[in-house]
Amino acid sequence: MNLIYAAGISAILAVGLYLLLSRHVVRMIYGVMLISACVNLVIFLAGRIGANAPPVMAAGETMLAEGAANPLPQALVLTAIVIGFSLVAFVVALALKTYRRLNTLDQRALGEAEALGSPYVDARPHAGAKEADR
Amino acid sequence: MDMLQTYAVLWPVLVPMAASGLCMMLWHRPGAQRAVHLAALVLMLLASLGLLRQVISQGILALSFGGWAPPFGISFVADGMSAALVVVTGVLAMAIGVFNLASTRQRHVHNGVYPLLLGMLAAVNGAFLTGDIFNLYVWFEIMLITAMGLLVIDKTRAQLDGALKYAVLNLLSTLVFLLAIAILYGVAGTLNMADLARVLPEMESSTALVVSSALFLIGFGIKAGYFPMFFWLPASYHTMSIGLLAIFAGLLTKVGVYACFRVFSLLFAGGEGLREIIALMAAGTMLFGVFGAAVQWDVRRILAFHIISQIGYILLGLAVGTAAAFAGGVFYIVHHIIVKANLFLVAGAMYRITGTYDLRRSGGLVRSHPLLACLFAIPALSLAGIPPLSGFWAKFMVIDASFRGGAAWLAGVGLFVGLLTVFSMSKIWIEAFWKPPSFERRHVRRVPLPMLVSIAALGAITVWIGLQPEALVQFSQQAAASLVDPAGYQAATFAESGAPVPVTGAP
């Protein structure tokens with residue numbers, strides 16, 4: 001059973017890594033999202049999957065009943081999902097803003113940061129703003 | 001007063017976090033935001049000094065939250081290294097707060113620079129103080145999202161481009177870090193660092209543990225800018241506004257380094273297999289950082305590459321792994337945060353005068369601004385490790401420890417890189433200060449007073465550490481002793497005295 005889960009998770013990870021290697025920013029974000037989902041599943045698996053009773057204590061009890069699921073990975077995954085959601089939301093907004101300003105999301109064409117203060121641009125006082133090697 | 005002492009570990013995080021919320025509520029009142037921000041920086045500095053005093057007098061402090069006993073709930077632990085880093089954060093934030101009085105633009109305030117900055121400081125302090133590995137991940141993420149907000153504060157084209165690169169690689173690093181936590185939890189069944197330090201040495205070495213420790217090294221390595229994972233740093237840092245860049249350069253990579261020290265001293269002390277890889281990474285970080293700087297002409301880019309090469313020296317302390325090397329690492333981090341941020345602040349002042357960051361276009365500053373030239377010389381010579389300044393003692397401790405620890409080749413690389421650092425610093429000195437100006441200005445522009453005050457204050461700290469190193473050397477040796485031997489850390493976490501809640505059934 002665990003082996004099937006592991007195979008599924010590694011397939012998701014492989015797809016995520018493949019997308020991350022793409023040159024297009026939107027595909028890279030998809031890659032990050034898939035890797036994030038895969039890591040969440042690993043946390044689940046680390047808490048041992050098997051029991052199927054929900055980890056809820058009856059009134060008056062002080063311990064979980066026998067056969068209840070492990071609640072800690074669930075709490076961790078919930079936290080990780082919330083954090084991942086907010087970060088992805090931010091990066092998507094950033095990508096949208098970048099597209100509006102720079103008209104491209106192809107990493108080969110995004111060279112603004114690299115051009116700023118580049119040592120290959122001739123910046124002698126009287127050479128004018130000639131830009132070489134971009 | 002009693003409450004102040006009981007929760008001493010909490011205040012350095014709570015103060016900036018509360019102030020960040022307050023600033024958000026005062027969104028449309030920039031003046032009030034600035035006042036809250038300055039008050040919060042003063043309070044944070046006082047809180048961190050109070051914490052340091054208590055750690056020195058009482059030893060390691062711990063605090064558990066929510067009425068949960070240590071291995072189950074989240075706890076904050078302050079040992080010597082944490083307390084020292086929190087104090088340096090407080091000092092640096094204060095100095096840069098003063099500097100930013102003169103450099104914060106209206107559009108920065110309009111885009112929320114104060115709440116973001118305070119949130120980031122809270123996250124940095126939280127990462128230094130937490131005693132729970134999953135909680136460390138949460139602080140890393142808060143740090144990441146506030147840092148990305150600060151990175152695009154001007155919304156220039158270069159900033160948007162740089163922020164995309166920063167975002168993708170740093171998201172990957174936190175995911176790798178989280179994966180390492182997941183595997184570690186699967187093996188050890190606990191997330192509390194003190195509890196992990198108790199459980200892990202008794203376990204047999206397994207593939208899962210090796211994979212987990214390697215993933216920790218990669219995750220923190222991207223964050224800290226280790227070779228060969230530092231590429232996001234020179235691709236994005238130089239696009240930032242200079243006052244914010246100084247705080248990024250001083251603090252953010254050092255949080256990754258701190259996490260590395262914590263995890264590899266407390267949890268994987270026996271991780272001998274990684275030690276050689278870490279040594280290679282340290283050598284690569286030093287060399288590639290300094291060579292990258294050598295070709296640059298933009299001050300911000302030169303200094304950004306020097307962040308990387310200096311990180312290599314700190315990593316050297318971890319690679320050698322003896323108590324003396326750890327002490328050198330702690331000393332180096334404290335010295336480096338102050339000096340590196342100060343150099344960026346000087347670069348900001350130079351920009352204010354010459355209107356350019358490009359060294360080829362500036363010049364003549366030693367004649368027009370002799371005071372600024374002196375203030376540049378202090379951190380620059382300290383970074384290169386020239387004797388009477390703090391950098392000399394930091395480099396001496398690290399390199400001496402690597403000779404004694406049987407890693408003479410690493411010490412050799414360190415000395416060689418020190419030489420090249422002198423080259424870079426003298427390049428800035430000759431181009432910006434010595435050579436005749438490329439064109440004469442009719443009116444000489446002056447450096448605003450807040451800028452000079454903060455640069456001079458950080459310079460004074462550098463000189464003071466350089467002339468009186470014994471106190472800090474002793475302190476970092478004690479901090480290193482508690483890093484090498486986790487017994488004290490565990491005892492403090494599980495002790496009842498540190499916790500304000502009644503602890504029942506500690507293991």
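This is a predicted model: local features need pLDDT of at least 70, side-chain atom pairs count only at pLDDT 80 or more; totals for chains, interfaces and linings use all residues.
Q: What makes up the contact of α4(B) with α21(B), by class?
A: From α4(B) come B:Gly80, B:Met81 and B:Ala84, and they meet B:Phe475, B:Gln478, B:Ala479, B:Ser482 and B:Leu483 of α21(B). That gives five nonpolar and three polar residues, with no charged ones.

Q: How do you know that α3(A) and α7(B) are roughly parallel?
A: Here we look across the two chains: α3 (residues 71–102) of chain A and α7 (residues 133–151) of chain B have axes that cross at roughly 10 degrees. Angles under 35 degrees count as roughly parallel, and therefore this pair is given that name. The axes come within 11 Å.

Q: Which residues of α3(A) and α7(B) meet?
A: On the α3(A) side they include A:Leu76, A:Ile83 and A:Phe90, and on the α7(B) side B:Phe134, B:Glu141 and B:Met148 are among them. By class, this contact has nine nonpolar, two polar and one charged residue.

Q: How many residues does each chain bring to the contact, and which helix supplies the largest share on chain A?
A: Chain A gives 33 residues and chain B gives 42. On the side of chain A that touches chain B, α3(A) supplies the largest share, 14 residues. That side divides into 23 nonpolar, five polar and five charged residues.

Methods:
Residues are numbered from 1 along each chain as its sequence is written. Chains are lettered from A and ligands numbered from 1 in the order in which they are written. Two residues are in contact if their C-beta atoms, placed from the backbone, lie within 7 Å. Helices (H or I, at least four residues) and strands (E, at least two) are DSSP runs, numbered from the N terminus. Ala, Val, Leu, Ile, Met, Phe, Trp, Tyr, Cys and Pro count as nonpolar, Asp, Glu, Lys and Arg as charged, and the others, Gly among them, as polar. Axes are lines fitted to C-alpha atoms, for helices over the stretch in contact, and angles run from 0 to 180 degrees between N-to-C directions. Angles under 35 degrees count as roughly parallel, over 145 as roughly antiparallel, 65 to 115 as roughly perpendicular and the rest as oblique.
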